[in-house]
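Please look over the sequence and the structure before reading on.

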Amino acid sequence: MTVIAFPEVHRRVPVAMGACLFSFAGLWIAQRAADVSMIDLMVYRAEGETVRAGGDLYALRATEAQLPTTYPPFAALLFTPLTLPDLAALRTLATAGNLALVVVFVGFALRIAGHARVETVWWVAAAAVWCEPVWTTLRYGQVNLLLAALVLWDLSRRPGHRWAGVGIGLAAAVKLTPALFAVFLLATGVVARFRHRSGGPWLRHARGAALTFAGATLLAAAVLPYDSWRFWTRMVFAAGRVGHPEDTANQALRGVLARLLHTPQPGVWWLAPAAVTGALGLSVAVTAELRGRRGSAMAACAVTALLVCPVSWSHHWVWCVPMVLVTAAARRRAVAVGMALVFCSYALWWVPHGPGRLELRQNGVELTLSGLYVGAGLLFLALTGAETLRPSRTSRNA
């Protein structure tokens, strides 16, 4: 009797896939047991209904929480299909879609970080769904994973690819924060030319993102002229529509400073560090990119965008997944484990929060816990900057 011995790799992949599906099933059961609201998904559906009815998009107040529309009009156009299934089917489809996007997102992140083993994608995805940003994205029915996957798909294209820039442009047309990736590509191309190198690939990539963004925005303007005028002349500047800056879920520099200063209006105390962080973060990203370290560059750009944005809710930090993967790939495993623990601890919810603006009265320990994501992001930028700005072996041996 002949026994066929399958190669070890053929055994590892099914085991990893099974573990991932088991983890996903556990999360699905846990979220159903918790009766999650998927409140943002309900807002998206209301936006789609408003578009179909020809209503005033930015006068909309959806759900019992009376949440406003905050995304550009192009997003509302994309949300119109959400009005077709009933609510139960929509919740199921959104959860299944987001779980599939976790795998896609992790796969692109690992590819950019230089790790191509298939079984690793499944193992990382199995763990990633339990970190607070990903869990909360699924809980709210958010679009964070879709936008992040679009950006990573775009950055994983080879230089000169005809679709380069499309993913970033579409993501920025739905939500403005990913536009910093186009700025990063433009800055990289300009610096490369200044150093007498060919900046063409980065400049063409940035141009593709800009043209895609412009095309999507003009399409929305043609379909929704009144809403587009209101958004780009008024709503885009109304950061207060998004929520209270001191909310513990706001894991941006502005949120930390609002809590630290015990004021809902940190003013110039936020603008100055945000400007400095933005400049330094982009410098780190550009330097890493020019040294051929796209994984570090991608994560540095994402973290910079989250830090300088007026409001970065905890679920926006799904970028913690590539951040941890890039840190581990740089052989800083202890730091990577520490960062993973931060994002899996749910510590920002251990502090007083909710009605009554309790965040304005936090003590030292509570301020530390409610600023952990920002601290992890700043640490990542510092470590990445120290690594990328260090003279290369070639220059040291010259």
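Which helix supplies the largest share of the lining of the largest cavity? In this predicted model, that share comes from helix 7, with four residues.

**The cavity**

The structure contains one cavity of 30 Å³ or more. The space in the largest cavity comes to about 200 Å³. Its lining is made up of 17 residues, and the closest to the centre are Thr177, Pro178, Leu306, His316 and Trp319. At least two lining residues come from each of helix 7 (144-155) and helix 14 (294-308). By residue type, the lining has 12 nonpolar residues, four polar ones and one charged one.

**Aromatic pairs**

A pair of aromatic rings is described by the distance of the centres and the angle of the planes. The structure holds 12 aromatic pairs. Two of them are set out below.

| Ring pair | Distance of centres | Angle of planes | Class |
|---|---|---|---|
| Tyr44 and Tyr71 | 5.8 Å | 35° | tilted |
| Phe343 and Tyr373 | 4.6 Å | 45° | tilted |

Why does the pair of Tyr44 and Tyr71 count as tilted? Planes under 30 degrees apart would be stacked and planes over 60 degrees apart would be edge-to-face; the planes of Tyr44 and Tyr71 are at 35°, so the pair is tilted.

Tyr44 belongs to helix 2 (residues 39-53), while Tyr71 is in the loop between strand 2 (67-68) and helix 3 (73-78). The pair therefore ties together parts that are 27 residues apart in sequence. Are these two residues buried or exposed? The cut-off for buried is under 20% relative accessible area. Tyr44 has a relative accessibility of 4% and so counts as buried. Tyr71, at 8%, also counts as buried.

For the second pair in the table, the planes of Phe343 and Tyr373 are at 45°, so this pair is tilted. Phe343 lies in helix 16 (residues 333-344) and Tyr373 in helix 18 (residues 372-388). Because of these positions, the pair ties together parts that are 30 residues apart in sequence. Both Phe343 and Tyr373 are buried.

**Other ring contacts**

Which residues do ring pairs link into a cluster? The cluster consists of Tyr58, Phe213, Phe231 and Trp232. A ring also takes part in a contact with a charge: the charged end of Arg254 sits over the ring of Trp270, at 5.6 Å from the ring centre.

How values were computed: Residues are numbered from 1 along each chain as its sequence is written. This is a predicted model: local features need pLDDT of at least 70, side-chain atom pairs count only at pLDDT 80 or more; totals for chains, interfaces and linings use all residues. Side-chain values use heavy atoms; hydrogens and water are left out. Rings of Phe, Tyr and Trp (its six-membered ring) pair if their centres lie within 6.5 Å; planes under 30 degrees apart count as stacked, over 60 as edge-to-face and the rest as tilted. Buried means under 20% relative accessible area, exposed over 50%, partly exposed in between (1.4 Å probe, protein chains only). A charge sits over a ring if NZ of Lys or CZ of Arg is within 6 Å of the ring centre and within 35 degrees of the ring normal. On a 1 Å grid over the protein atoms alone, a cavity is a set of points where a 1.4 Å probe fits but cannot get out, and a pocket is an open set with protein on both sides within 12 Å along at least five of seven lines; lining residues have an atom within 4 Å of a point. Grid points are joined across faces, edges and corners, and a volume is the space filled by probe spheres set on the points. Ala, Val, Leu, Ile, Met, Phe, Trp, Tyr, Cys and Pro count as nonpolar, Asp, Glu, Lys and Arg as charged, and the others, Gly among them, as polar.
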